[in-house]
Amino acid sequence: MIKLSHVDKRYAEHHALVDVSVEFPEHQTTVILGPSGAGKSTLLRSLNLLERPQKGTMQLDDLTIDFSSDLTSKTILTARRKTAMVFQSWNLFPHLTVLQNITEGPRYVLKQPVDQANQRAHALLRQVDLDDTADRYPRQLSGGQQQRISICRALAMNPSYLLFDEPTSALDPELEAQVLRVLQRLAHEQHSMIVVTHNMEFARRVADRLIFVEDGRIEFNGSSDDFFNHPTERIKEFLAAMKF
Ligand code: ADP
């Protein structure tokens, strides 16, 4: 479980997270929703220390992090190994093949033997129907394919938590659906996932838990059923604004 307690993050001009306390359970998919600028990405990025809140604590399984004190590089490394982030724009290394992109972390960080890393990469690629791309370079692939490969790369590190920051917002609808189907399968396999998205259908169908963030505060934290079927006035407004 990841547990944030009284987490506060300020940028120079902006109070991005205001006394946030929230838990992300294991083996569940938590979807983070909210208007643009609400603090969703800051919240997600704080979980693997890409952003550093100034106050509060994070319990990440057996690791405790106090944001008000300096973090050692060992702590940062441990936190990063427990979490893997998939970004909005696929960020594969352009000079490496698909296989090399996926095996880079397992080989050089986890010190897996090359055969083992390759075998696992092929197995992951087969799961997203992309094994035939193993020897290609990212530029030879569509955005949706690259994003599915980014997901394989994250999975290859065997993280405890998969973090997704608007993983489909740069994709055409058809490619988006391919990526969302992969996420849905991972959710059914009970990976521990935290997903920032604007895709309401995905949130409704896949989320075990929903968090609604606004002005740096958690305004809703509960089941998907409660969020969509018993919304507060503010959530009703938000849901209406998301419709065409
Ligand atoms: P969301 O993901 O919900 O769109 P963000 O977490 O990206 O929101 O941003 C929350 C607020 O913090 C926004 O007002 C944004 O402009 C501000 N912000 C985000 N990153 C930075 C930064 N690096 N420097 C200054 N302000 C930032």
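The protein contains 9 helices and 10 strands, where helices (H or I, at least four residues) and strands (E, at least two) are DSSP runs numbered from the N terminus. The model is predicted, so local features need pLDDT of at least 70 and side-chain atom pairs count only at pLDDT 80 or more, while totals for chains, interfaces and linings use all residues. Residues are numbered from 1 along each chain as its sequence is written, and side-chain values use heavy atoms, with hydrogens and water left out.

Taken along the principal axes, the C-alpha atoms fill a box of roughly 50 × 45 × 30 Å. The radius of gyration is 18 Å, which agrees with the value near 18 Å for a compact globule of 244 residues; this radius is taken over C-alpha atoms, and the globule rule is 2.2 Å times the number of residues to the power 0.38. Of the 244 residues, 50% are buried. Buried here means under 20% relative accessible area, exposed means over 50%, and partly exposed lies in between (1.4 Å probe, protein chains only).

The protein exposes about 12,000 Å², of which carbon and sulfur atoms supply 47%. Accessible areas come from the Shrake-Rupley method with a 1.4 Å probe, and for residues only the protein chains shown count as cover. There are 28 positive and 31 negative side chains, and the centres of the two sets lie 4 Å apart. Lys and Arg count as positive and Asp and Glu as negative, whereas His and the chain ends are not counted; the place of a charge is NZ of Lys, CZ of Arg, CG of Asp or CD of Glu. Among contacts (heavy atoms within 4.5 Å) between residues at least 6 apart in sequence, 63% join residues at least 24 apart.

In soluble globular proteins, nonpolar side chains tend to be buried together. A nonpolar core is defined as a set of buried Ala, Val, Leu, Ile, Met, Phe, Trp, Tyr and Cys residues joined through side-chain atoms within 4.5 Å. The largest such core has 46 residues, and those with the most contacts inside it are L33, I151, F164, L210 and F227. Helix α6 (residues 173-188) gives the largest share of this core, 7 residues. Another core, of 28 residues, lies apart from it and includes V7, V22, A38 and I211.

Leaving aside neighbours within four places in sequence, L33 is in contact with residues including M200, L210, F212, F227 and F238. F212 lies in strand β9 (residues 209-214) and is buried, at 0% relative accessibility. Beyond four places in sequence, the contacts of F212 include L33, G34, P35, F227 and F238. The C-alpha atoms of F212 and M85, 127 residues apart along the chain, are separated by 20 Å.

I2, in strand β1 (residues 2-10), is likewise buried, with 0% relative accessibility. Not counting residues up to four places away in sequence, I2 touches V22, E23, F24, L47, M58, Q59, L60, Y161 and I194. The C-alpha atoms of I2 and Q59 are separated by 5.5 Å, although the two residues are 57 residues apart along the chain.

Two buried residues are placed in loops. F67 is found between β5 (63-66) and α2 (73-82) and has 6% relative accessibility, which counts as buried. Its contacts beyond four places in sequence include L4, V7, P53 and M58. F67 and R52, 15 residues apart in sequence, are 7.0 Å apart in space, C-alpha to C-alpha. T133 sits in the loop between α4 (114-127) and α5 (143-156) and is buried, with a relative accessible area of 1%. With neighbours within four places left aside, T133 is in contact with V98, L125, L141 and I149.

R204, in helix α7 (residues 200-206), is partly exposed, at 49% relative accessibility. Not counting residues up to four places away in sequence, R204 touches S224, F228 and N229. The C-alpha atoms of R204 and V31, 173 residues apart along the chain, are separated by 9.3 Å.

Most residues other than glycine have a negative phi. N158, which is not a glycine, has a positive phi of about 50°. N158 is found in the loop between α5 and β7 (161-165) and is partly exposed, with a relative accessible area of 45%. Q190, in the loop between α6 and β8 (193-196), also has a positive phi, near 65°.
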